[in-house]
Amino acid sequence: MRKIIFSLIFLLFIFTGCTENLEVRDRAFIQGIAVEYTENGYKICMRPFESEETYIGEGTTFKEAVRSAELKSGNDFFTGHTELIVIYEYEAFSICSELINEEISAGCLVVYSDSPVKYVEENDTEKIMDIVSISMKNKESMKITLCDVLNKK
């Protein structure tokens with residue numbers, strides 16, 4: 001009888017999710033991402049919400065580049081609420097195909113730039129989104145989301 005009770009208690013601890021909790025303060029919620037392909041793989045720039053800091057990472061894969069940037073920030077990145085992706089237009093489909101697997105919303109706004117990493121590094125994400133919003137209101141550009149890019153091909 002004791003073995004059954006002990007086994008049940010042990011199973012409760014295993015399946016309750018009480019192990020390895022990641023606190024909110026240990027995460028950086030990413031608002032904007034810039035992605036470029038380089039000779040060595042990927043170069044990314046991540047900008048958290050309400051932060052003037054940017055974190056640049058490089059790696060042979062997108063995940064390696066993210067880990068590189070995370071090490072510089074000291075936090076794990078959470079991309080589930082990302083609002084903006086800045087990329088080269090000619091790399092749009094291949095980059096967006098990879099980003100959709102990284103828990104980034106299909107409704108995330110995509111902006112094309114001649115220098116994505118530099119653009120996000122030098123400009124606040126809110127400012128970029130305001131510029132895009134005004135441009136769309138004035139019918140100078142159209143809204144393009146991650147889903148739109150993937151549906152074009």
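**Labels and their cut-offs**

Modeller: Gladly! There is one salt bridge in the structure. Please keep in mind that this is a predicted model, where local features need pLDDT of at least 70, side-chain atom pairs count only at pLDDT 80 or more, and totals for chains, interfaces and linings use all residues. Residues are numbered from 1 along each chain as its sequence is written, and side-chain values use heavy atoms, leaving out hydrogens and water.

Colleague: What makes the pair Glu-102 and Lys-63 a salt bridge?

Modeller: The term asks for a side-chain nitrogen of Lys or Arg within 4 Å of a carboxyl oxygen of Asp or Glu. Between the side chains of Glu-102 and Lys-63, the N to O distance is 3.5 Å, so the pair meets that limit. The bridge links distant parts of the chain, 39 residues apart: Lys-63 sits in helix H2 (residues 62–73), and Glu-102 in the loop between helix H3 (92–99) and E6. Those helices and strands are DSSP runs numbered from the N terminus, with helices (H or I) of at least four residues and strands (E) of at least two.

Colleague: Why does Glu-102 count as buried?

Modeller: Buried means under 20% relative accessible area, exposed means over 50%, and partly exposed is in between, with a 1.4 Å probe and protein chains only. Glu-102 has 18% relative accessibility, so Glu-102 is buried.

Colleague: And why is Lys-63 placed in the class that it has?

Modeller: Lys-63 comes out at 45% relative accessibility, so the label is partly exposed.

Colleague: How do you know which residues lie closest to the centre of the largest pocket?

Modeller: Let me start with the term. A 1 Å grid is laid over the protein atoms alone, and a pocket is an open set of points with protein on both sides within 12 Å along at least five of seven lines; lining residues have an atom within 4 Å of a point. The largest pocket holds about 250 Å³ of space. It has 14 lining residues, and the closest to its centre are Lys-63, Val-66, Phe-77, Thr-79 and Glu-102. Both partners of the salt bridge, Glu-102 and Lys-63, are in that group. Helix H2 gives the largest share of the lining, five residues.

Colleague: What makes up the lining of the largest pocket by class?

Modeller: Seven residues are nonpolar, two polar and five charged. Here Ala, Val, Leu, Ile, Met, Phe, Trp, Tyr, Cys and Pro count as nonpolar, Asp, Glu, Lys and Arg as charged, and the others, Gly among them, as polar.

Colleague: What do you have on the second largest pocket?

Modeller: Its volume is about 210 Å³, and 13 residues line it, with Val-111, Tyr-112, Val-132, Ser-141 and Met-142 nearest its centre. E6 and H5 are the elements that give two or more residues to this lining, and the largest share, four residues, comes from E6. By class, that lining has nine nonpolar, two polar and two charged residues.

Colleague: Why is Val-110 called buried?

Modeller: Val-110 has a relative accessible area of 6%, so it falls in the buried class. Val-110 belongs to strand E6 (residues 109–112). Not counting residues up to four places away in sequence, Val-110 touches Ile-85, Ile-87, Cys-96, Ile-144, Thr-145, Leu-146 and Val-149; contact means heavy atoms within 4.5 Å.

Colleague: And why does Ser-135 get its burial label?

Modeller: At a relative accessible area of 15%, Ser-135 is therefore buried. Ser-135 is part of helix H5 (residues 125–137), and, leaving out residues up to four places away in sequence, Ser-135 touches Glu-140 and Ser-141.

Colleague: What stands out about the phi of Glu-103?

Modeller: Phi of Glu-103 is near 65°, a positive value in a residue other than glycine. Glu-103 is in the loop between H3 and E6. With 59% relative accessibility, Glu-103 therefore counts as exposed.

Colleague: Where is Lys-139, and why does Lys-139 have its accessibility label?

Modeller: Lys-139 lies in the loop between H5 and helix H6 (146–152). Its relative accessible area is 76%, so Lys-139 is exposed. Lys-139 also has a positive phi, about 60°, although it is not a glycine.

Colleague: How many helices and strands does the chain have?

Modeller: The protein chain has six helices and six strands. Buried residues make up 40% of its 153 residues.

Definitions and conventions
On a 1 Å grid over the protein atoms alone, a cavity is a set of points where a 1.4 Å probe fits but cannot get out, and a pocket is an open set with protein on both sides within 12 Å along at least five of seven lines; lining residues have an atom within 4 Å of a point. Grid points are joined across faces, edges and corners, and a volume is the space filled by probe spheres set on the points.
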